[in-house]
Amino acid sequence: NLQLKGWDHADILIKTSAASDMPTNAQEGILRIETKGNCLIRAPHDTIVRIGTVRGNVRIKLIDSTVHIGRIQGSLALRNVGSTQATIIQGDLLARQIVGDLHIDQVIGNAVVRDVEGECTIDQIHGNIELRDAEEDINVNASGNARIRLCMMIGSEYQIKAGGNIICKIPEDASLQAELTSGEKYIALRLPEEKKVIDSSS
């Protein structure tokens, strides 16, 4: 497992359960760490992070710069981080307070995302998605259910696809053009003054 947390110091602290088997290489402002054990890292808030492969769970918090992730063979938890990109998360995704864009290619488990200050794109979620508040465009695709709640809509395009049910709550004063389709041919709209059921087969 990997835990990475930003702090106010200029130095980097590394603790690992396999200290004797942890090669490090520092040059030109780049520190490379490789270990076969659990790893705890404290780094300056403005550290740019690149993660190749982790054969366990990953927790990252309080990193202001960009985060690039390859393959996580467990779950990923993000909190108070900058723009983040990841290729594949083989467990669950929990992302909160992303100061920038969030772009994930694939999540094998479920995804819970809250408070993204940029675009939110998750190309494929094999489980369910729960998304609350993204300030710009949204593009998510889940094999399970999708539950979306937005307090404001200032993006230009929102695409939400799910193999199960979709529940989406948006502001009452939202002005938008919506295209809705349902494989079960059942769509229910709750408007401020009425509830409307649409049979998409008609």
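Which backbone oxygen does the side chain of Thr16 reach at 2.9 Å? The side chain of Thr16 reaches the backbone oxygen of Asn38.

The model is predicted: local features need pLDDT of at least 70, side-chain atom pairs count only at pLDDT 80 or more, and totals for chains, interfaces and linings use all residues. Residues are numbered from 1 along each chain as its sequence is written, and side-chain values use heavy atoms, with hydrogens and water left out.

**View 1. Overview of the protein.** The protein has zero helices and 19 strands; helices (H or I, at least four residues) and strands (E, at least two) are DSSP runs, numbered from the N terminus. Of its 202 residues, 31% count as buried. Buried means under 20% relative accessible area, exposed over 50%, and partly exposed in between (1.4 Å probe, protein chains only). The accessible surface comes to about 12500 Å², of which 43% belongs to carbon and sulfur atoms; accessible areas come from the Shrake-Rupley method with a 1.4 Å probe, and for residues only the protein chains shown count as cover. Among contacts (heavy atoms within 4.5 Å) between residues at least 6 apart in sequence, 14% join residues at least 24 apart.

**View 2. Surroundings of Thr16.** Thr16 lies in strand 2 (residues 13-16). Besides reaching Asn38, the side chain of Thr16 makes a polar contact of 3.1 Å with the side chain of Thr35. A polar contact is a pair of N or O atoms within 3.5 Å; within protein, one must be able to donate a hydrogen and the other to accept it, and residues adjacent in sequence count only if both atoms are side-chain atoms.

**View 3. The salt bridge of Arg114 and Glu130.** The count comes to one salt bridge, defined as a side-chain nitrogen of Lys or Arg within 4 Å of a carboxyl oxygen of Asp or Glu. The side chains of Arg114 and Glu130 form it at 3.2 Å, N to O. Arg114 lies in strand 11 (residues 111-116) and Glu130 in strand 13 (residues 129-134), so the pair ties together parts that are 16 residues apart in sequence. Arg114 is partly exposed, at 30% relative accessible area, and Glu130 is partly exposed too, at 27%.

**View 4. The largest nonpolar core.** A nonpolar core is a set of buried Ala, Val, Leu, Ile, Met, Phe, Trp, Tyr and Cys residues joined through side-chain atoms within 4.5 Å. The largest one has 40 residues, of which Ile51, Ile60, Leu93, Leu102, Val113, Ile122 and Ile129 touch the most other members. Strand 10 (residues 93-107) supplies the largest share of this core, six residues. Leaving out residues up to four places away in sequence, Ile51 touches Leu2, Val58, Ile60, His68, Ile69, Gly70 and Ile72.

View 5. Gly155 is in the loop between strand 15 (146-149) and strand 16 (158-162), and is partly exposed at 23% relative accessibility. Apart from neighbours within four places in sequence, Gly155 is in contact with Glu135, Glu136 and Asp137. Leu176 is in the loop between strand 17 (166-169) and strand 18 (187-190), and is partly exposed at 48%. Not counting residues up to four places away in sequence, Leu176 touches Met153 and Ile170.
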